[in-house]
Amino acid sequence: VGPNGAGKSTLLQTLVGGTTRYEGEITYAGDEITMTPRHEIVEAGIGYVPQDEAVFPDLTVWENLRMGGYTEPESFESRLPAIYELFPRLEEREDQRANSLSGGESRMLAVARALMPNPDLLLVDEPSAGLAPQIVERMFARLEEIHADGTSILLVEQDVDAALSSADRVYSLEGGAIQD
């Protein structure tokens, strides 16, 4: 958690190779991944849900999910029922283009797409951004289910109450550094 400009989104982008890193190294599961291409980061077991532009707007829901499973195409059909169980609304909208979804449905699709390769770690940037309070509750309930199923989640969130209600640990970031 932290104020706007604290470096929360930049941290997640840096972890998945989306920004320029000036020093240090990134390790995951004992492996150094600092200069690893994004597709290899996904293959290593890290899923990423950015705050903005998290879906392919001109593709259908099904096509977006297919893109999420590109690193493991053989398991796409077997993963799809679990995704639709977690987000039933997406199954109803399967043939709809992503740009016709509501904000909440679009965020659900972004999370679902990141889950397609069955990551061990899910990085989620501001899942409540722009959503109605009822949708935020549902989104956090889904994230808690994902965590209960064994996926670790690193969540960036401005809504401190929402973050505190579902987190095992909370860190406050300010000026790019963890505050005591």
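This passage goes through the overall build of the chain, then its helix α1, and then a few backbone angles.

The model is a predicted one, so local features are taken only at pLDDT of at least 70 and side-chain atom pairs only at pLDDT 80 or more, while totals for chains, interfaces and linings use all residues. Numbering runs from 1 along each chain as its sequence is written, and side-chain values rest on heavy atoms, with hydrogens and water left out.

Eight helices and seven strands make up the secondary structure of the chain; these are DSSP runs (helices H or I, at least four residues; strands E, at least two), numbered from the N terminus. For 180 residues, a compact globule would have a radius of gyration near 16 Å, and the chain agrees with that at 16 Å. The radius is taken over C-alpha atoms, and the globule rule is 2.2 Å times the number of residues to the power 0.38. Along the principal axes, the C-alpha atoms fill a box of roughly 45 × 35 × 30 Å.

As for burial, 42% of the 180 residues count as buried (under 20% relative accessible area, with exposed meaning over 50% and partly exposed in between; 1.4 Å probe, protein chains only). Take the contacts (heavy atoms within 4.5 Å) between residues at least 6 apart in sequence: 69% of them join residues at least 24 apart. The accessible surface is about 10,000 Å², and carbon and sulfur atoms account for 47% of it; areas come from the Shrake-Rupley method with a 1.4 Å probe, and for residues only the protein chains shown count as cover.

On the charge side, there are 13 positive and 32 negative side chains, and the centres of the two sets sit 5 Å apart. Lys and Arg count as positive, Asp and Glu as negative, and His and the chain ends are not counted; each charge is placed at NZ of Lys, CZ of Arg, CG of Asp or CD of Glu.

Helix α1 (residues 8-15) buries Lys8, Leu12 and Thr14. They span an arc of only 160 degrees around the axis, which puts them on the same side of α1; the arc is that of the directions from the helix axis to the C-beta atoms. Their cover includes β3 (46-49), β4 (121-125), β5 (152-156) and β6 (172-174). After α1 comes Gly17, with a positive phi near 80 degrees.

Most residues other than glycine have a negative phi. Ala29 sits in the loop between β1 (27-28) and β2 (31-32) and is exposed, at 69% relative accessible area. Glu53 also has a positive phi, near 50 degrees. Glu53 belongs to the loop between β3 and α3 (61-68) and is exposed, at 77%.
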